[in-house]
Amino acid sequence: MDFVQQLLACTALCAPSKDVKLNGRTFKIVRLLGEGGFAFVYLAEDTSSGRQFALKKIRCQSSEGYRIAMKEVEAYKRFRHPYCIRCLDSCVIQDEEGQVIYLFLPFYKRGNLQDAINDHVTSGSRFGEREMLRLFLKTCEAVRAMHTYVPGSSGTAQLAQDESTYPPPQQRVSRMRVPSAHSLEETLDGGEDDEQDAPLIRTSEMSGGILESNNAPEASTSAVAQLSDQGDTLGSLDPKPAPNLNSTGAKQRGKMTPWAHRDIKPANIMVTDDGQDAILMDFGSAAPARVEVPSRSVALTQQDLAAEQCSMPFRAPELFDVKTGQDLDQKVDIWSLGCTLFALAFHHSPFETEQEQQGGSIAMAVLNGQYKFPSGSGDKYSQPLKDLISSMLIVDPESRPDIHQVITSTKAALARNEQVS
């Protein structure tokens, strides 16, 4: 009975109300799409237009949790690329349990690449090599946007880089931009949003299962308001990629500051409804790529952070055993990309097999670079594809290719595949 009561309490805590109402606009919660930690993603539907999107709910049970959640919101605003998922809107509410952040994201009916892998396992089929390489290439282009990020090049105002300047939540006015009732109705129905009419909400309260926003005059500037002012609004509920804003072609207004995703895996790569493009998502682990490790304490901190945020089967070896004096960089993503491509081809990561279910076994295999390609009926892919995977799964990060080289090799493998076909 105690277990049942705890389970019911947890369910009540995690599940949102049946309807979510923002500025007179009602959104129906259809079903749970996924969950992890204190975050839950639901399929939400605008009851007026019928348009659907993903609603991510992040419950912040501490100031540290709030800080981490805001980092994710910032990342959505920072990387404006056609193959990086867009944050359509966001808001903060305060209820009896603390602060809750809602993120409105595009909904992709096909789900993510892990869903596709599961479907192939169930049906006994596999990805075609050309399709797999095409989706992988789009993922790499999204990663390149992060690895070559130039502050100010995305067309949005540069956010404060020093998180220590952010006031704690209790000193901050929880205000994030949402469309007014008038502009929201226009934009959801296909009209243009007038940013001048979009009010800021101060604080919202859960009452009777409905999320009501209380409009208020603009107060003193806050980090949340500065952040939200740069983003899209719910009027942009379009799952198609945004116009190409590749950082390599943008006007550089600052020094290149590489960022690493740090949790690249099939479950974090969505597939567009037409099946043609891959969309990188979940920037909760994203951070500046280059991290100096001058002491053992810093090494252990980075190691613990990686264990918490980076999925073990796709985690780079230098994150399992962070060494003093060996700095970290964006090559951690290259390793994860290699694991991801392997998983697309063979339905599991290179270091995740039936015989290696214990975490220690996976960690040891990763640190030693021990993996093998399946033989027999499971081996239907070309040698260039395997060579591409192997080039990314090199234990020494300095010997791994950078994202530009990976893209070049992927294009070459794709071209050879098309010639053979």
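This is a predicted model: local features need pLDDT of at least 70, side-chain atom pairs count only at pLDDT 80 or more; totals for chains, interfaces and linings use all residues.
Phe-342 forms an edge-to-face aromatic pair with Tyr-371, with 6.3 Å centre to centre and 90 degrees between the planes. Since Phe-342 belongs to helix α9 (residues 331-346) whereas Tyr-371 lies in the loop between α10 (359-368) and α11 (383-392), the pair ties together parts that are 29 residues apart in sequence. Tyr-371, with a relative accessible area of 22%, is partly exposed.

Both residues belong to one aromatic cluster, which also includes Trp-335, Phe-346, Phe-351, Phe-373 and Tyr-381. Over the ring of Phe-373 sits the charged end of Lys-386, 5.9 Å from the ring centre.

The UniProt record, an unreviewed entry, lists Lys-56 under "binding site". Lys-56 lies in strand β4 (residues 52-60) and is buried, with a relative accessible area of 8%. A polar contact of 2.6 Å joins its side chain to that of Glu-72; beyond its neighbours within four places in sequence, the residues in contact with Lys-56 include Glu-72, Tyr-76, Leu-103 and Asp-282.

## Other ring interactions

Across the whole structure, a search finds 15 aromatic pairs. One of them is the edge-to-face pair of Tyr-76 and Phe-283, at 5.5 Å centre to centre with 80 degrees between the planes. This pair links distant parts of the chain, 207 residues apart, with Tyr-76 in helix α2 (residues 63-78) and Phe-283 in the loop between β12 (278-280) and β13 (287-288); both Tyr-76 and Phe-283 are buried.

Elsewhere, the charged end of Arg-315 sits over the ring of Phe-320, 4.6 Å from its centre.

Key: Residues are numbered from 1 along each chain as its sequence is written. Side-chain values use heavy atoms; hydrogens and water are left out. UniProt positions are given in the numbering used here, feature names are shortened, and annotations may be inferred rather than shown by experiment. Helices (H or I, at least four residues) and strands (E, at least two) are DSSP runs, numbered from the N terminus. Buried means under 20% relative accessible area, exposed over 50%, partly exposed in between (1.4 Å probe, protein chains only). Contact means heavy atoms within 4.5 Å. A polar contact is a pair of N or O atoms within 3.5 Å; within protein, one must be able to donate a hydrogen and the other to accept it, and residues adjacent in sequence count only if both atoms are side-chain atoms. Rings of Phe, Tyr and Trp (its six-membered ring) pair if their centres lie within 6.5 Å; planes under 30 degrees apart count as stacked, over 60 as edge-to-face and the rest as tilted. A charge sits over a ring if NZ of Lys or CZ of Arg is within 6 Å of the ring centre and within 35 degrees of the ring normal.
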